[in-house]
Amino acid sequence: CPYCASWAQATLPAMMTYAEAGDLRIEWRDTNMYGEASERAARAAHAAGLQGMYWEFHAALYPNGEHRSESELSDASLTAVAEELGLDPAQFSEDMNSSAVRDTIAAMAQEAQALGVTGTPSFLVDGQPVVGAQPTQVFVDAVELALVESGR
């Protein structure tokens, strides 16, 4: 998703600062909105996560804030990215295509549907929805308000 790529490049670093300070917990739910290539990328990210490299792989999916083309999201291309990051490519490929990872991605899709998500990116900040790749300040303001309201 080009909007997810933009958000990951522009806003995620600011949100990670809050997370590293212990003020924000980020839970990323990969949701397939663009067909098989999108789902394959989601499975790949989770396979990388099983080797402790979710965020690194996620960043590699959006080089310089750009999303990868469909041809760059093939099994072979995603495995090559994993290998470049130092992951065990055989384990990565096995995990990416495992029923456990497929079930995780399906459960995330069901959760998104139950929440009424109709597009990506979509966020909940302290239970309040923020839809779209809004400017970073929108997220900073939402997090700051939640911190104030929680007494932090």
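User: How accessible is Glu39, and what does that count as?
Analyst: Glu39 has 22% relative accessibility, so Glu39 counts as partly exposed. The scale is this: buried means under 20% relative accessible area, exposed over 50%, and partly exposed in between, with a 1.4 Å probe and protein chains only. Keep in mind that this is a predicted model, where local features need pLDDT of at least 70, side-chain atom pairs count only at pLDDT 80 or more, and totals for chains, interfaces and linings use all residues. Residues are numbered from 1 along each chain as its sequence is written, and side-chain values use heavy atoms, leaving out hydrogens and water.

User: Which residue does Glu39 meet in a salt bridge?
Analyst: Arg43, at 3.9 Å from N to O. A salt bridge here is a side-chain nitrogen of Lys or Arg within 4 Å of a carboxyl oxygen of Asp or Glu. Arg43 and Glu39 are 4 residues apart in helix H3, so about one helical turn separates them. Helices are DSSP runs (H or I, at least four residues), strands are E runs of at least two, and both are numbered from the N terminus.

User: Is Arg43 buried or exposed?
Analyst: Arg43 is buried, at a relative accessible area of 1%. Its side chain also meets Glu36 in a salt bridge (3.4 Å, N to O), and a polar atom of that side chain lies 2.9 Å from the backbone oxygen of Met96.

User: What else is Glu36 bridged to?
Analyst: Arg40, with the closest N and O atoms 3.3 Å apart. Arg40 is buried at 14%, whereas Glu36 is partly exposed at 42%.

User: New topic. How many residues are in the largest nonpolar core?
Analyst: It has 30 residues, and Trp7, Met15 and Phe139 are among those with the most contacts inside it. Such a core is a set of buried Ala, Val, Leu, Ile, Met, Phe, Trp, Tyr and Cys residues joined through side-chain atoms within 4.5 Å. H3 gives the largest share of this core, 6 residues.

User: What does Met15 touch?
Analyst: Leaving aside residues up to four places away in sequence, Met15 touches Trp7, Leu24, Ile26, Phe139, Val140 and Val143. Contact means heavy atoms within 4.5 Å.

User: And H8, which of its residues are buried?
Analyst: Phe139, Val140, Val143, Ala146 and Leu147. Seen down the axis of H8, they fall within an arc of 130 degrees, so they line one face of the helix; the arc is that of the directions from the helix axis to the C-beta atoms.

User: What's on the face turned away from that buried side?
Analyst: The exposed residues Val148 and Glu149.

How values were computed
A polar contact is a pair of N or O atoms within 3.5 Å; within protein, one must be able to donate a hydrogen and the other to accept it, and residues adjacent in sequence count only if both atoms are side-chain atoms.
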